[in-house]
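Dear colleague,

I am handing over the structure below, and my notes on it follow directly after. Please read them with the coordinates open.

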Amino acid sequence: MSIDQKNQSVAESASLIDPASLPIVSAQSLGKRFKLYSKPADRMVEWLSLGKAHKHTSFWAVRNATLDLQRGETLGVIGANGAGKTTLLRMLAGISTPTEGKVEIRGRIHALIELRAGFESGLNGRQNVRHAGRMLGYDSGYIRDREEDIIEFAELGPYIDQPISTYSSGMFARLSFALMVFLDPDALLIDETLAVGDEAFKQRCYAFLDEFVSREDRAALIVSHSIMQIRRLCRRVVWIDRGQIRCVGPAEEVIEMYARFCKDHGKAEKDPRHIQ
Amino acid sequence: MFRRSKAIFHARYAAHSLGFLWHFIHPAILIGMYSIVFGWLVRRDFAAVSVPYPVFLCAGLLPWMFFAEVLSRGTSAFRSNRVYLRKLAIPEQVFVGEVVLSSVATFLIQFAILICFGAFFGIFPSWTWIGMPLPIIILGITGFGFALGLATVNAYFPDIHQALIAILRLAIWTAPVIFPLAFYAQSSIGWLVRVNPATSAIMAMRLLYIDGVWPSVWIWAEMLAWAVGAMVIGVAVHRLLRHEIRDVV
């Protein structure tokens, strides 16, 4: 199933290994189950019966996922809608608790899952930079030192002092991305958010990500439907299908397998550029 | 937790013209209303109240409002911060902690105003005032513990918060806030006053602030027992049910 899903736990357990050489994120046999209830009272019935009553159906969004995010790499994640990509990313980022398996995170990770995540609508752009930075656990001095870089990269000009309720999706994308990258995490996990910006912004993001992962101790994980984007940024790709990792390996090989699968199963997007 | 709490606190009032002032407007209306009704319209003299009624009322009402705010806002903390919980890897406890810290800040300013207000009625500094932060700290820990457990259950069942608001509206009458403790001694609801988690802290605050008397060991023991009990319950409930909180809020 996987090209590089082996021996990681053995290697990690060896005490002589330099921690800096270990993957930034390691996931072993990850699984996420959602309990689906037909009505809210059913959960109460289950609780009150101390688990004897069984009122839910289980939906496994991700099952048995084992992968590493190595230092110095950009890992791509592809798959159809509902395949479990975002659920996997949320678990890798430490946002969602896995139902089974474990995630080891070695460093500071920023997940860019939604454009407005961490932003308050009542604040302006500049205030939101400070607010979101503090929410991510940084002190005011650290954020202040990077504030001008963030604003410059976001290219918001005078709008940075306007309430974010007046921002377009593109402006949110630029501000969110700038905030997450200039706070300088060890790893960036990005879920489709680059798709919102215009072409010029995307090119700047690509260049920034290339530079980011060229530092050997950094890594990025990109979830995207855009094969062009994955091909441009990633040397290694994970393909997820219905919650299971179908393949992990070199980008071209995995993309080709995914493209063939989509063609065979009629899942290719109408736009032929989607699979290239 | 402190840094994140401060960020949420700032953000909450950024869009309000009067901002933080709302924390004084609401209690001022409540204190004014109770003072008029129970200090003037009803004109009931309580033998146990040695100071003007508004001062007696404030010394009990402010700690009660602090506790009620921690419980009320703390219980809805996970649901009202779902934007953060679903998208950022921030520990859930931070959001309950923020409620406690912001409520402490509000209480401190409100109580500072009360001290100025009390000076007009002859309440002057006493050595026992150095102990006044202690009941509030212990009451804050009690509130954090209960709120953490309630917020966890409320993530699954939002009815919990609505039920709590109703209970708190009734519970003010089962704490020695509007009437002195002695008033309840012969009452059929006296036992409810004794089991109210805020009763001992309110008694301690009045003794320290108004009477200049250090509370007895039993009052301190009762406060600490509530704090330890609430923390044990809150942490246990959160640990038991936390795995799905971010999926259901």
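Helix α3(B) is mostly covered, with 23 of its 23 residues buried (a residue is buried if 20 or more other C-beta atoms, placed from the backbone, lie within 10 Å of its own; helices are DSSP runs of H or I with at least four residues, numbered from the N terminus). From its first C-alpha to its last, α3(B) reaches 32 Å, close to the 33 Å expected at 1.5 Å a residue, where the expected span is 1.5 Å times one less than the number of residues.

This is a predicted model, in which local features need pLDDT of at least 70 and side-chain atom pairs count only at pLDDT 80 or more, whereas totals for chains, interfaces and linings use all residues. Residues are numbered from 1 along each chain as its sequence is written, while chains are lettered from A and ligands numbered from 1 in the order in which they are written.

Leaving aside neighbours within four places in sequence, the contacts of B:Ala147 (C-beta atoms, placed from the backbone, within 7 Å) include B:Val70, B:Leu71 and B:Gly74.

In chain B, B:Leu150, B:Val153 and B:Asn154 of α7(B) meet B:Ile160, B:His161 and B:Leu164 of α8(B).

Best wishes

Key. Two residues are in contact if their C-beta atoms, placed from the backbone, lie within 7 Å. Helices (H or I, at least four residues) and strands (E, at least two) are DSSP runs, numbered from the N terminus. A residue is buried if 20 or more other C-beta atoms lie within 10 Å of its own, exposed if 12 or fewer, and partly exposed in between; C-beta atoms are placed from the backbone.
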